[in-house]
Amino acid sequence: MSTHNTSLNTPLSVAPFPSRRLNRWAEMVWRVAGSVDVRTKILGMVLALTTALGLAVTLQVRAVMTSVFAEELESRSVSVASDLASRSIDPILLNDTYTLHQLLRETVNNHPDALYAFVLDNNGQVLAHTFGDAGFPAGLLDPALETVTATLHGEIRHWVYTSNEGTVHEMIAPIMGGGAGVVRLGLTDTRLQAIVNTVTGQMILTTLLVALAGIVAAMLLTWLLTRPILDLVATTKEVGRGDLQARAPHWADDEIGTLADAFNQMVADLDASRRAIAEKEQARFLLLKKLISAQEEERKRIARELHDGVGQMLTSLMVGMRTMQRSDDAALNQERMEELCTTAGETLEQVRVLSRELRPSLLDDLGLAAALERYASEFTRAHAAIAVDLHCDLPGRLPSTIETALYRIVQEAMTNAARHGKATAVSVLVSRRINSVQAIVEDNGAGFNVEAVRRQQSSVGIFGMSERAELLGGALDIESSPEGTTVYVEIPL
Amino acid sequence: MCNRLSHLLLVFALAACAPAQSTVLPHIDLSVRTPLPQAAPGEIAHLRVGVAAILSPQGTVESYSELTTYLAEKLGRPVDLLQRRTYAEFNDMVEKSQVDLAFICTNSYVVGNEQFGMELLVAPEINGESVYYSQLIVPSSSTAQSMADLRGKVFAFTDPMSFTGRIYAVYMLQQMGETPEHFFQRTFYTYSHDRAIDAVADGVADGAAVDSLVLDYALQRNPELATRIRIIHHSEAFGIPPVVVPPTLPVRQKVHLRDLLLAMHEDDTGKVVLRSLGIDRFVEIENTAYDGVREIVHATGIGE
């Protein structure tokens, strides 16, 4: 709509008016008004409202009073003038000037707003008046006044003029229908104006007092509102500095109280999660330590096994072969050769077992089901007292990380059952679900206190199982009772 | 365009705040005083007609305005109607020649004639007679049948000098051997007969003595008045209130006025005026017609 040169490029955030100049004013006002603090805002609002209300009411009352008084003055004056006119008839007709004068004087004295009264006969001559000995205001007899605008109340004319004594309302009442003359009564509204002004003053004073009370109330209100907010801000800063034990006080059951409660809950959750993270960190640190030591242990074991088992066997092979080399007995050499073959075979078998223990190639080649079956049979060979029941419901291969994890978890669970549990039977169930794969390893051993072990972080194995599952986004649960232990694992696909 | 609109709104707002009056009020300085101008004497001498306080001042104006208009027309000069509160004041006015013609009450003439030579001009004639009566009235609710029944009551007189309105009543009491001060509980003056009638009709007075002409006129004009009052006594005939002139009036004027009044009933307009006054015509009258009044006045000793 406006054809102003758009030299401003920045769009205005506050633009309620169509005119661009007005919008700029609005933006400036908003910027100033918005930047004062809440206390000032509330104070300002309360003050503005109170004063506006007070002033509006005062003005209205003043206007109403003024108009009501004016009406009252007019109607009372009309009746006084009318009465005066009718009481003037006899004195005028009887030429009783003294009575006429008395009548006028008493009327003026008895009426608090009357300034003067005088009577003109039907020739326009002054018969009596209340102006005293100093003469008569000639201006009142000016013939030009005949044509002045006046309002009529029955027979009585009411006209207004300004004078050195303020605004004067004059009533002109005909006496005996005008046949005997007229009486003219002059009144001021000075007294009534004074009353209006007094009342106005009182109302303004009341407004000021109420405004003052309003300021006090507003300050109380802002204190009530901002105290909890400021406390919350302080608590936020404390939390920001790292003190997660800091809590915001709950001042009242209002919105701010709810905010404080929510904030406290958030800090508590934050604290708990930090603790959990710290625990996990701790546990992972320990795990790392233990993994490294376990790795060393494993290497030590492998080294020892290689040295003790395979090394020994290879040594005896070498001895045998040396013996054969030195011997000429062909038949004995044939027997020795047989023994040596057997030994070599056992050695190979040991190497294979060792190799498989380390990393079954079956797992990579044929998958989890096959690897578990081989492990189960080897387990049975190693622990004859424990019956192993294995079921694998795996229609196909799974991602290698999941297969490895599940293999190690089952391996660890079964090892635990054999090592600690005094179990006699272990059942393993691995099944493929729609979106996950599930493994359940159950033994009937003596059980253990899962929580205690977890908290002490003494079992790398259990922690390791959980870690493996969690790393893949899954979950591991151990339930243990004196009747046995069950390990549940679920890993999403 | 929006700028122009906002400018317009501003102008309207300012206009609305402007004072409501479209005209400026006249200004008069009440402290500027001048002595009142004396009324300049008219070039033509007005005929001053006085009417005694038989009726109330307003009643007199109502009744005599047609007559004064007629006279003004006939004489070709303005006519002023003058009244006074009491008969005594009125007589004083006549004595000082402040009126040229006066319609006066009977006893006022008697006294005036005696004291300074007030002259009879003419008298009204009603039904062939120039007489009137004093009538004693009471409220219609009253059980009184005569003056004697008004003992201890409130009585209204008209004027101290009124014959029908006081003197005759005092005479009646005198005949009974009483005085108003002892006979009545309280008396007061109404200074006109029509107001005395109203006082009785309204029950303000328990009784009054009034001029029969005034009573007739009042009953004629206001028939329902008859339901509120009752006449309990009717006096003998006395000379009717005359029309007089001051002794200083020039003879030529006196004759002119007399002839004018005597011929009034022959004039169409005059007849209408006479009828409005309740009179048939004006006639000449002798001083002796008022001897009956004189006797009773002397008997009561009022005014001596």
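Select strand E3 of chain A and strand E2 (residues 33-34) of chain B: two bridges join these strands, which run antiparallel. Within this pairing, pick A:Phe136, whose bridge partner in E2(B) is B:Thr34. The model under view is predicted.

Next, display the whole contact between the two chains, to which chain A gives 36 residues and chain B gives 22 residues. Chain A and chain B bury about 2600 Å² between them, and 62% of this area lies on carbon and sulfur atoms. With both residues at pLDDT 80 or more, 10 residue pairs are in polar contact between chain A and chain B. On the side of chain A that touches chain B, the elements giving two or more residues are helix H2 (38-93) and the strands E1 (114-120), E2 (126-129), E3 (136-137) and E5 (156-163). Colour E5(A) separately, as the largest share of that side, five residues, comes from this strand. By residue class, the side of chain A that touches chain B divides into 22 nonpolar, 10 polar and four charged residues.

Now turn to the charged pairs. Two salt bridges are found across the interface of chain A and chain B. To see one of them, select A:Asp96 and B:Arg85, whose closest N and O atoms are 2.9 Å apart. A:Asp96 is buried, because its relative accessible area of 18% falls under the 20% cut-off. B:Arg85, by contrast, is partly exposed at 29%.

Over all chains, the count of salt bridges comes to 22.

Remaining in chain A, select A:Glu467 and A:Arg284, a salt bridge with its closest N and O atoms 2.6 Å apart. A:Glu467 belongs to helix H11 (residues 460-471) and A:Arg284 to helix H5 (residues 255-326), so this pair ties together parts that are 183 residues apart in sequence. A:Glu467 is buried at 4% relative accessibility, while A:Arg284 is partly exposed at 39%. Then select A:Arg76, A:Asp113 and A:Arg191, which are linked in a network of salt bridges.

In chain B, centre on B:Glu178 and B:Arg151, which form a salt bridge with the closest N and O atoms 3.1 Å apart.

The last stop is A:Ser19, in the segment before helix H1 (20-35) of chain A. This serine counts as buried, at 13% relative accessibility. A polar atom of the A:Ser19 side chain lies 3.4 Å from the backbone nitrogen of A:Arg21.

Methods. Residues are numbered from 1 along each chain as its sequence is written. Chains are lettered from A and ligands numbered from 1 in the order in which they are written. This is a predicted model: local features need pLDDT of at least 70, side-chain atom pairs count only at pLDDT 80 or more; totals for chains, interfaces and linings use all residues. Side-chain values use heavy atoms; hydrogens and water are left out. Contact means heavy atoms within 4.5 Å. Buried area is the accessible area (1.4 Å probe) that two parts lose on being put together, summed over both. A salt bridge is a side-chain nitrogen of Lys or Arg within 4 Å of a carboxyl oxygen of Asp or Glu. A polar contact is a pair of N or O atoms within 3.5 Å; within protein, one must be able to donate a hydrogen and the other to accept it, and residues adjacent in sequence count only if both atoms are side-chain atoms. Helices (H or I, at least four residues) and strands (E, at least two) are DSSP runs, numbered from the N terminus. Ala, Val, Leu, Ile, Met, Phe, Trp, Tyr, Cys and Pro count as nonpolar, Asp, Glu, Lys and Arg as charged, and the others, Gly among them, as polar. Two strands pair if DSSP finds at least two bridges between them. Buried means under 20% relative accessible area, exposed over 50%, partly exposed in between (1.4 Å probe, protein chains only).
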